[in-house]
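Here are some comments for a colleague who has the sequence and the coordinates open.

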Amino acid sequence: MTPAIELLKKRNCPFQVLSYQHDSQSSSYGLEAAEKLQLNPKLVFKTLVLQLEPTELVVAVLPVSHMLDLKQLAKAAGSKKAAMAAPAAVERSTGYVLGGVSPLGQKKRLRTFIDQSAENLPLIYVSAGRRGLEIEIAPEQLQLLLDASFVGLAQAL
């Protein structure tokens, strides 16, 4: 049981948990999840924590098949610049280890932005808070739980 799963149960949100055997040699946690669960990578979303100027941390949720457009995120967040947050800051703020960061159930609630590609999908998959564990959830449920905004964040790899 992870804080993400506990939150979903507490809120009575419909979701499903999928698990797979994580390979510690994998270079991309998100693409590994898509491959091992036989899911379209456009439906599997990664959770990234970023640092805005001067000190705010925010969360970006986007397909594992894409890269984050830092300028788009900064613009959406009303900041001049965004950069990936330091790993120690991510783990301290979220309570999760890298590769298992869920947008749900974080220790400190951060402003969250979800890539607009999720908005019209019936279901997406996000980390359940542990490597090898994914949550299937409707994007509008995720957006409501996180009070998140749908914005353009992704650029093709």
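The numbered points below concern a predicted model.

1. Helix α3 spans residues 70-77, and its buried residues are Leu 73, Ala 74 and Ala 77. These residues sit on the same side of α3, because the arc they cover around the axis is only 100°. The face turned away from that buried side carries Lys 71 and Lys 75, both of which are exposed.

2. As to what covers the buried residues of α3, the list includes the strands β2 (45-52), β3 (57-63) and β4 (66-68), together with β5 (82-84) and β6 (111-115).

3. Both ends of α3 deserve a look in the viewer. At the start of the helix, a side-chain oxygen of Asp 69 comes to within 3.1 Å of the backbone nitrogen of Lys 71, a lysine that also belongs to the exposed face described above. Just after the helix, Gly 78 adopts a positive phi of about 75°.

4. Helix α2 covers residues 29-36, and within this helix Gly 30, Glu 32, Ala 33 and Ala 34 are buried. The buried residues of α2 pack against strand β8, which runs over residues 133-137. Just after α2 there is again a residue with positive phi, namely Gln 38, at about 55°.

5. How many salt bridges does the structure hold? There are 2, and one of them joins the side chains of Lys 36 and Glu 32, with an N to O distance of 3.3 Å. Lys 36 and Glu 32 are 4 residues apart in helix α2, which means that about one helical turn separates them. With a relative accessibility of 6%, Glu 32 counts as buried, since the cut-off for that class is under 20%, whereas Lys 36, at 37%, counts as partly exposed.

6. The other pairing is that of Arg 111 with Glu 56, whose closest N and O atoms are 2.8 Å apart in a salt bridge. Because Arg 111 lies in strand β6 and Glu 56 in the loop between β2 and β3, this pair ties together parts of the structure that are 55 residues apart in sequence. Arg 111 counts as partly exposed at 36% relative accessibility, and Glu 56 likewise counts as partly exposed, at 31%. The strands β2, β3 and β6, which locate this pair, are also among the elements that cover the buried residues of α3.

How values were computed. Residues numbered from 1 in each chain as written. Predicted model: local features only at pLDDT ≥ 70, side-chain atom pairs only at ≥ 80, totals over all residues. Heavy atoms only, no water. Buried < 20%, exposed > 50% of the residue type's maximum accessible area, 1.4 Å probe, protein only. Helix = DSSP H or I, 4+ residues; strand = E, 2+ residues; numbered from the N terminus. Arc of directions from axis to C-beta. Contact = heavy atoms within 4.5 Å. Polar contact = N/O pair within 3.5 Å; in protein donor to acceptor, adjacent residues only side chain to side chain. Salt bridge = Lys/Arg side-chain N within 4 Å of Asp/Glu carboxyl O.
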